Amino acid sequence: MRAFLLPSANHTPHRRNTITVRPAGVVLTICTLLALTADIVAAQYPGKLTGRVTDAINREPVENVFVEVLGTDLTTLSDGRGEFRIRGLEPGRHAIRFTRLGYEPSSREIDIRNGATAWLAVRLGARPVLLEEVRAEAKGAARIEAPGTISITRDEIEGSGEHTAAGLLEGRAGLVVNSRGPLGPKTVSIRGSSSDQVLVLLDGAPLGNPISGAVDLSTIPTSQIESITVLKGSQSARFGPGAEAGAILIDTRINATPLAARLETGSLGLWSVSAETSGGAAFGWSAGGYARTADGLFEYSLPDELGGETATRANNDLSEGNLFLAANTGAAGGDLRLRGGFNRLERGLPGPSYLPTPGAREELTRWNGSAAWESSKGRTRTSAGVHSVWQRARFSDPSPPLGLPYDALTEAFVLGGRIATEVSLNGALESLSGGLELRQQSYESTEFAETAPGGRFDAGVFVGGEIAVTESQGGPHLVAALRLDRDGLSRLWHATHELTLTIDAGPTAFHLRHASSYRPPSFGDQFFREGVMVEPNPNLRAERVPSDLSIGGSVRGRLGAAIGRLALDGYIADVKDMIIWAPDFRFVWSPRNFDVKRRGLDAEAELELPERNLTLRAAYSLARVTYDRPGDDTVQVIYRPRHSGSAGIGWRPAAWEIAVDARYIGTRYPVPAPLNALDPYWTLDLRLRRSFAAGSWQLTPMIAVDRLFDNKDSMIFGYPEPGRTIRIELAARPR
């Protein structure tokens, strides 16, 4: 903690000599001592500078702004919220400079008082930047920030060529995307978790399927996404129940270019088109739309165990469209952001190849909206927001290969609100924060039993704080959070916590984190309609991760002409009462609680060679997820590959951009036993892109080849892949 240094005094034996004391001398001595003491004390209490950088036009946060205190070696970068913090500033007047590519540099002067925290709000004006006619390709490359965090910006999204949120997350360290074919549903697993153990928030609103709890990320088009942040590890102390393995925060579009359009075609009968526009000054607005269609037809071979014949994948078509509208303005002394979006999707559900469903269909309609307000006054920042999602999903099959025809309709409505306040303080305790979150979820489904409730109302309160163990800029920093959530069904309170210690020592950074989390059973597990040899389990216990321990570090620096980065993050996060479907002694299948051991390692590396315009990157994940049963049980939970990874190369010769990305998926077991193992496999993707001027327009053609070597291995048994596919895209915008 903070050390207090006081002037020392030399004590000598008292003498009996009489000393004459003059009042004027006493006064002069006291004044001198006070002045000296003031100087000494002031030197022991450096100040702090915190602030936020926003765009001068749309008032949105600007990340990766280089903030430097002129005349010192103190620097930092703004984060995804545009916020920055610099510690260890000597009292006095300092000049602060803010620079970022694409914005006009800005300088500010600010007085730092003894031991105080100063707040600085900065707005940067855009500056046109003349670049080579090339667009950076970032597919599969997560920026290495704090261990356990993945951030994907709008620039990365536009450069990826991906259509859905699922495609953006493939190949990231610690993440595995479970795919049921090229156009089928896609869910994500974090560190060997189930997909329903990952909390996905769209503008703050949870997107979990009301029946299964999982989120199909293929229903979230990239045209609506402004940014994605993935937080790995237990996150319930921040975001409430459901974030056992992590949280995926998806913010929809805020800003659009003044005018842009894109046209694409490719394999599987793919056609897509998108357009966007924006305007306004004090009241900025953006709008855009996107449509995509594909017939999904391709030939595949059945496994040898099923005859090895060739068949055509039918009922694999897809059509979708979406719109978004966003606005930004000042209100009540703060910044107000409004967002709205609409998405409509329809596709076939072909089923597994050994039991196809030629008539099964899915229809999805989703509306989402949010309003967020934030204001800073002095040392206090207050934010408030409301969000809502209305979703209607229909699954039908008039002639299934097994069972009776069905036509299931589910409607879900989520309305939530959150208010939080953060106060910057002096001393070692840098800040305190707290807030309240309320969430109403209403469901109506033909899949639920008559005893099922119509929804749930959950509430959570949270507090947090930040402590600087020392005053140095890279010294130990402690973040603590505690949250209490009331389960709207069980009416029980659950406490979760987070303690994170970080040390940023120049090119190296370390962190030690301990957290807990929980997830209540889904409506589907508890209240689905009973069927033949299957029954719900209303007595399920909530899943819990009582101890999520992770330790990691990162290092970056120069290796000759190269710039290298390496990040490692190891974890132990066992799950108590994980909900897994299993038969009982009557061979009746039902969801039940099991204890599961979960531990592993995530690693990321990147090497840049600026002189050669070359970037190399790699990621590896070890996720050991086994049942916690008597004896040394090494059975991996179904479809959790123990090993996965990716590697990529980005090269920019002249005005071209060439990117190659390889992904590895390890052995998977389709049953809860070491039987019928699916072989590991690699895939290789290629991207070629170049921009050039055509009159008053800038045109950017791109060709993308997925599974370049025609690899047809699939993540899940029975859901074939088409092998090599090709997409051709042409984007246009005014110069």
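**Reading salt bridges**

Modeller: In this predicted model, Asp335 and Arg123 join their side chains in a salt bridge, 3.6 Å from N to O.

Biologist: What parts of the chain does that pair link?

Modeller: Distant parts. Asp335 sits in strand 21 (residues 334–348) and Arg123 in strand 7 (residues 117–124). They are 212 residues apart.

Biologist: How do I read burial here? Is Asp335 buried or exposed?

Modeller: Buried means under 20% relative accessible area. Asp335 has 16%, so Asp335 is buried. Arg123 has 40% relative accessibility and counts as partly exposed.

Biologist: Which residue forms a salt bridge with Glu422?

Modeller: Arg381 does, with the closest N and O atoms 2.6 Å apart. This pair also links distant parts of the chain. Glu422 belongs to strand 24 (residues 406–424), Arg381 to strand 23 (residues 380–397), and 41 residues separate them. Glu422 is buried at 18% relative accessible area. Arg381 is buried too, at 13%.

Biologist: Where do Asp706 and Arg727 lie?

Modeller: Asp706 is in strand 39 (residues 697–706), and Arg727 is in strand 40 (residues 725–734). Their side chains meet in a salt bridge of 3.8 Å, N to O. The pair therefore ties together parts that are 21 residues apart in sequence. Asp706 is buried, at 18% relative accessibility. Arg727 is buried as well, with a relative accessible area of 8%.

Biologist: Which residues are linked with Asp706 and Arg727 in a network of salt bridges?

Modeller: Glu162, Arg262, Glu264, Arg687 and Glu729.

Biologist: How many salt bridges does the structure hold?

Modeller: The count is 47.

Notes. Residues are numbered from 1 along each chain as its sequence is written. This is a predicted model: local features need pLDDT of at least 70, side-chain atom pairs count only at pLDDT 80 or more; totals for chains, interfaces and linings use all residues. Side-chain values use heavy atoms; hydrogens and water are left out. A salt bridge is a side-chain nitrogen of Lys or Arg within 4 Å of a carboxyl oxygen of Asp or Glu. Helices (H or I, at least four residues) and strands (E, at least two) are DSSP runs, numbered from the N terminus. Buried means under 20% relative accessible area, exposed over 50%, partly exposed in between (1.4 Å probe, protein chains only).
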